[in-house]
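Here is a short briefing to read alongside the coordinates.

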Amino acid sequence: MKKFALFTTLLLCTSVGFGEDLSSRDLRSDSTIGANVHFSLSSLPMPGNKGAYVYYIANAKWTLGLDYNKADIPIKFFKINLGEVAETHLTMQARRFIGNSFNVIMGAGTRNLEVRLPSNLLDLALKDYNEIATQVETRFVRLGVGNQWQWNRGYTLAVDWLTLNIPVNGQVIESASKYASDKDNKEKILFMERSAAWYPSGTLLQLNAGFIW
């Protein structure tokens, strides 16, 4: 973790200098489309967020595109994987640039949370989790801030310092309460699932790298 933080700091310091010298604003205005891959160790509530962003460059001030994020964590018992919790985001996202590289992030999207279990012993051995115990869908608005720099050969580096996904609607599609026989336990499970549909999510220090054309 310390090496990762040191590498990130050095990379950002270098990028800030090159970005300003080469005028990221001018390079954006001469380009039409872009694509980034991204990763964040500090995504919440599920770490290890990764994904991609494909976007249209309207002008030096605006980009608009589709952002996809995914994170998953295993469900373990005594170091044995018994399933996984998987979360995906699909967001229509815009960046409004202020100056050379600083930008405000805004958008709207859908988050899908699933708890997956093996349907039989073979699935457990292969880690192929086909049984969906819980599925929760959330619609949200996204706000954030970041910097994005461009180079003459089309390379891009962006850092989303902070993004926050604020729920505006949530629903339980599939409930694990079907496995409970007791009414009180069913209600407790449903309460937890409904709560999961309304929690905010986001990332801190998300690194993005890609190209513009």
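A residue is called buried when its relative accessible area is under 20%, exposed when that area is over 50%, and partly exposed in between. Arg 116, at 23% relative accessibility, therefore counts as partly exposed. Please keep in mind that this is a predicted model.

**Salt bridges**

- Seven salt bridges turn up in a search of the whole structure.
- One of them pairs Arg 116 with Glu 84, with 3.1 Å between the closest N and O atoms. Arg 116 belongs to strand β5 (residues 102-117) and Glu 84 to strand β4 (residues 80-97), so this pair ties together parts 32 residues apart in sequence.
- Glu 84 has a relative accessibility of 17%, so it counts as buried.
- Another joins the side chains of Asp 160 and Arg 95 at 2.9 Å, N to O. Because Asp 160 lies in strand β7 and Arg 95 in strand β4, the pair ties together parts that are 65 residues apart in sequence. Asp 160 and Arg 95 are both buried.
- Through shared partners, salt bridges also link Glu 84, Glu 114 and Arg 116 into one network.

**Arg 111 and its partners**

- The side chain of Arg 111 meets that of Glu 87 in a salt bridge (3.8 Å, N to O). Here Arg 111 in strand β5 is linked to Glu 87 in strand β4, 24 residues apart.
- Arg 111 and Glu 87 are each buried.
- Arg 111 also lies over the face of Tyr 199, 4.1 Å from the ring centre.

**Nonpolar core**

- Tyr 199 is also part of the largest nonpolar core, whose eight residues include Met 46, Val 85, Leu 113 and Val 136.
- Beyond its neighbours within four places in sequence, Leu 113 has contacts that include Met 46, Val 85, Glu 87, Val 136 and Tyr 199.

**Strands around β8**

- Strand β8 (residues 201-212) runs antiparallel to strand β1 (residues 33-40), and six bridges join them. Val 37 faces Ala 209 in β8.
- Strand β7 (residues 155-174) is likewise antiparallel to β8, with 10 bridges. Thr 163 stands opposite Thr 203 in β8.

**Aromatic rings**

- There are four aromatic pairs. Among them is the tilted pair of Tyr 155 and Phe 211, with 5.2 Å from centre to centre and 45° between the planes. Tyr 155 sits in strand β7 and Phe 211 in strand β8, 56 residues apart.
- Tyr 155 is partly exposed, at 41% relative accessibility, and Phe 211 is partly exposed at 38%.
- Together with Trp 213, Tyr 155 and Phe 211 form one aromatic cluster.
- Elsewhere, Arg 28 lies over the face of Phe 97, at 3.7 Å from the ring centre.

Conventions:
Residues numbered from 1 in each chain as written. Predicted model: local features only at pLDDT ≥ 70, side-chain atom pairs only at ≥ 80, totals over all residues. Heavy atoms only, no water. Core = buried A, V, L, I, M, F, W, Y, C linked by side-chain atoms within 4.5 Å. Buried < 20%, exposed > 50% of the residue type's maximum accessible area, 1.4 Å probe, protein only. Contact = heavy atoms within 4.5 Å. Pairing = 2+ DSSP bridges. Helix = DSSP H or I, 4+ residues; strand = E, 2+ residues; numbered from the N terminus. Phe/Tyr/Trp six-rings, centres within 6.5 Å; stacked < 30°, edge-to-face > 60°. Lys NZ or Arg CZ within 6 Å of the ring centre and 35° of its normal. Salt bridge = Lys/Arg side-chain N within 4 Å of Asp/Glu carboxyl O.
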